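This briefing covers pockets, a helix and several individual residues. The sequence and structure come first.

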Amino acid sequence: MSNSTERLVDPVLEGGLASLESARGITMQLIEVIAPDQMLTRGCAGGNHTAYVLGHIAWTEDMFLSSLSGRSPALPQAWGERFGMKMELSDDPSHYPEKEALVRAMVERRSAMVEWLGSLSAEALSAPIEGDLAAFVPNRGALAGLLTFHESFHAGQVSVCRRAIGLPHLF
């Protein structure tokens, strides 16, 4: 018999959260051996480098979380200017936070996202999203799947950056 104060997790959300955890584990394995001075190596001309990818993942989750939860963004506005969609990337290391700060932002923003999603009722998870973000995700319950795809897409870019550095395939 369950304790009445336990929160039952929606099985679809639970699967989405497990996928988020899996995608993050892969990303962390990919970046583990990338040295700080290799963070701006691109896999191809015009491609994204690892510093951008990590900041972009953190910024995206912060943007979705603040927009959908009503919370204030946790990351400075400058992150949107550096890590937003279709940004012009710089090859100047001073333009980006250090690797440790990028990883910390990813971890903190993911933790906040998972905590927030887990706090939502079934009704809140299934309520339609309105406005510009509806083009990306129909409701809050589908957000874990979108963020899993998003991180996996960019993890592929990091994989190509690893090869450009001379690191072996991870998988």
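Which residues line the second largest pocket? The lining consists of Pro36, Asp37, Met39, Leu40, Ala51, Pro93, Tyr96, Pro97, Glu98 and Lys99. The model is predicted, with local features needing pLDDT of at least 70 and side-chain atom pairs counting only at pLDDT 80 or more, while totals for chains, interfaces and linings use all residues. Residues are numbered from 1 along each chain as its sequence is written, and side-chain values use heavy atoms, with hydrogens and water left out.

**Pockets**

- A pocket is an open set of points on a 1 Å grid over the protein atoms alone, where a 1.4 Å probe fits, with protein on both sides within 12 Å along at least five of seven lines; lining residues have an atom within 4 Å of a point.
- In the largest pocket, 17 residues form the lining, and His56, Met85, Phe136, His150 and His154 lie nearest the centre.
- Helix 2 (50–69) and helix 6 each give at least two residues to that lining; helix 2 has the largest share, with 6 residues. Helices are DSSP runs (H or I, at least four residues), numbered from the N terminus.
- By class, the lining of the largest pocket has 11 nonpolar, 5 polar and 1 charged residues, whereas that of the second largest pocket has 7 nonpolar, no polar and 3 charged. Here Ala, Val, Leu, Ile, Met, Phe, Trp, Tyr, Cys and Pro count as nonpolar, Asp, Glu, Lys and Arg as charged, and the others, Gly among them, as polar.

**Helix 6**

- Helix 6 has 23 residues and spans 33 Å from first to last C-alpha, close to the expected 33 Å (1.5 Å times one less than the number of residues).
- Among its buried residues are Leu147, His150, Glu151, His154 and Val158. Buried means under 20% relative accessible area and exposed over 50%, with partly exposed in between (1.4 Å probe, protein chains only).
- Helix 1, helix 2 and helix 4 (99–119) are included in what covers the buried residues of helix 6.
- Just after helix 6, Gly166 has a positive phi of about 105 degrees.

- Glu151, in helix 6 (residues 143–165), counts as buried because its relative accessibility is 1%.
- Beyond neighbours within four places in sequence, Glu151 is in contact (heavy atoms within 4.5 Å) with Ala23, Arg24, Thr27, Ile57, Glu61, Met106 and Arg110.
- Arg24 lies in helix 1 (residues 11–32) and is buried, at 9% relative accessible area.
- A polar atom of the Arg24 side chain lies 3.0 Å from the backbone oxygen of Met106.

**Lys86 and Lys99**

- Lys86 has a positive phi of about 60 degrees although it is not a glycine. Most residues other than glycine have a negative phi.
- Lys86 sits in the loop between helix 3 (77–83) and helix 4 and is exposed, with a relative accessible area of 81%.
- Lys99, in helix 4, counts as buried at 13% relative accessibility.
- Leaving aside neighbours within four places in sequence, Lys99 is in contact with Ile31, Glu32, Ile34 and Met39.

Note on methods:
Polar contact = N/O pair within 3.5 Å; in protein donor to acceptor, adjacent residues only side chain to side chain.
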